[in-house]
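Hello,

Here is the structure I promised to pass on to you. Please have a look at it first, and then read my notes below.

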Amino acid sequence: MVKNICCIGAGYVGGPTMTVIAAKCPHIKVNVVDINTKRIEAWNHSDVSKIPIYEPGLSDLVQQARGRNLFFSTEVDQAIKEADMIFISVNTPTKTYGVGKGMAADLKYIELCARQIADVAEDDKIIVEKSTLPVRTAEALKNILDNTSKDVKFQILSNPEFLAEGTAVQDLLNPDRVLIGGEQTEEGRKAQKALVDVYANWVPSDRILTTNVWSSELSKLTANAFLAQRVSSINALSELCEKTEADVNEVARAIGTDSRIGSKFLKASVGFGGSCFQKDILNLVYISRSYGLQEVADYWEQVIIMNDHQKRRFASNIVKTLYNTVSGKKIAMLGWAFKKDTNDTRESASIYVADDLLNEQAEIVVYDPKVTAEQIYADLDYLNTRSSEENRKGVTVVNDPMECFDQAHAIAIMTEWDEFKDYDWESIYNKMLKPAFLFDGRMILDYDNMEDIGFKMYTIGKG
Ligand code: UDX
Ligand code: UDX
């Protein structure tokens, strides 16, 4: 029976997942380790509302388990030594160099973890891949572990994470399914069973699926590709709706009631973001291409092409509507996170829309309830489109939303934060220059009400 778990990587996946395991399994000691000292200090902050990741319900669970059987530290070697089971939850960004640049997943952190484990492990361990990985990564991991370690045996499991940010705690407490891939040998099945037993502390057994390793790895990429494909499909239709007199919300509702289609992931938007969708599809495309499956690769790549188009056309529509120039015009952007209820901004559509508007010399003011100014500038600097001084000159970040609107030419809603719906839109209208343009990239405001107030409205997917 597993008594001691170590998780390498205290990020958006490792942090919440380990917190829930610790909360539900008081008999298991859980050590979450990370090389980032600042991040670990934040996880250990005496005020649990200051932990580095904002997720509804997470702080309470951390409060409950931290110091009891949940520990955050930078002592990676020690935690590896103690553990029966090691989760690898480090990031696997898209490669920015060399072969597969812009497409393949960069596995250097995974490899470093494997080498470190091989180096310090003194007894047999079960290694669990939590990071999303290209198919057949487990094989590479096994190779490194088997060839570099002493007399120690490793079993490798794939246990992809399906939690969505903003609902991570609920998704972990009550998952649709838990997927555990393992080697189809006696030892493999034993390791699989050990992890099944951990989850069985709170997940009904019919929701714990076991497969071979490759099916499990590929299922994660496939799940994200299917979800992203639905968003790109409805976004493709949103453009057609704008040209006709159809309303994409009505179309989505009409098709979503077909039980074969289902109602989820049919919300048209300014484009999907997040750390997974784009990365995982690029990965799928890259893998397909590397096996010579051109049609398969092209098919999935189109999901990304459509998403890039959706972001770009939102920005160009703002420019076009504001009489073909936004130079020197103040544009208020509401929301920077890639979706509501998270402070995560990775691949957020706002980054790309802001970048396009800055190229047109707009003056941008951003308000997001959870994202810091530092993060917003870092996201723009990362694109390398202009110097960081220029980004700071073009973009102002405010802590009070009401500071955004004075003399603004337009507002762009980028994230569907609930609080935006409750603003006093009439007084906001009064502060703005006229005509006051409002671009709703998330379809959260009532079109007719806003037009009645006086706004010139543009809503995604409404003709
Ligand atoms: C996760 C998964 O791991 C990724 O594959 C998946 O597709 C998305 O979610 P996430 O938890 O969101 O990544 O990443 P991040 O928040 O960046 O956390 C990773 C952590 O690993 C960071 O805190 C980083 O400091 C740490 N890390 C990285 C290590 O501790 N050691 C390393 O060698 C590399
Ligand atoms: C996703 C998967 O849902 C999750 O299972 C996996 O583990 C990680 O990747 P996440 O990226 O956290 O989760 O959020 P998700 O809710 O899937 O949203 C992704 C993006 O799609 C967001 O930018 C969201 O705003 C957008 N989206 C989602 C839409 O535009 N329309 C929709 O109908 C749904």
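Let me start with ligand 2, where a nitrogen atom of the ligand is 2.8 Å from a polar backbone atom of lysine 267. I count this as a polar contact, meaning a pair of N or O atoms within 3.5 Å (within protein, one must be able to donate a hydrogen and the other to accept it, and residues adjacent in sequence count only if both atoms are side-chain atoms). The protein buries 90% of the 660 Å² that ligand 2 exposes when taken alone; accessible areas come from the Shrake-Rupley method with a 1.4 Å probe, and for residues only the protein chains shown count as cover.

Before I go on, some background: this is a predicted model, in which local features need pLDDT of at least 70 and side-chain atom pairs count only at pLDDT 80 or more, while totals for chains, interfaces and linings use all residues. Residues are numbered from 1 along each chain as its sequence is written, chains are lettered from A and ligands numbered from 1 in the order in which they are written, and side-chain values use heavy atoms, with hydrogens and water left out.

One of its oxygen atoms lies 2.7 Å from a backbone N or O atom of glutamate 165, and an oxygen atom of the ligand is 2.7 Å from an N or O atom in the side chain of arginine 442. Both residues are among the closest of the 20 that surround ligand 2, together with Phe162, Ser269 and Lys339; a residue is near if one of its heavy atoms lies within 4 Å. This shell is made up of 11 nonpolar, three polar and six charged residues. (Ala, Val, Leu, Ile, Met, Phe, Trp, Tyr, Cys and Pro count as nonpolar, Asp, Glu, Lys and Arg as charged, and the others, Gly among them, as polar.) Helix 9 (residues 213–243) gives the most to it, with four residues; helices are DSSP runs of H or I with at least four residues, strands are runs of E with at least two, and both are numbered from the N terminus.

Now to ligand 1. It has 20 residues around it, of which Asp34, Arg39, Val90, Lys279 and Arg346 come nearest. By class, they are seven nonpolar, nine polar and four charged. Arginine 346 has a side-chain N or O atom 2.8 Å from an oxygen atom of ligand 1. An oxygen atom of the ligand is also 2.9 Å from a polar backbone atom of valine 13. The protein covers 91% of the 680 Å² of accessible area that ligand 1 has on its own.

Which aromatic rings pair up? The structure holds 15 aromatic pairs, that is, rings of Phe, Tyr and Trp (its six-membered ring) with centres within 6.5 Å; planes under 30 degrees apart count as stacked, over 60 as edge-to-face and the rest as tilted. Phenylalanine 226 and tryptophan 300 form a tilted pair, 5.7 Å centre to centre with 35° between the planes. Phenylalanine 226 lies in helix 9 and tryptophan 300 in helix 12 (residues 294–321), so this pair ties together parts that are 74 residues apart in sequence.

Best wishes
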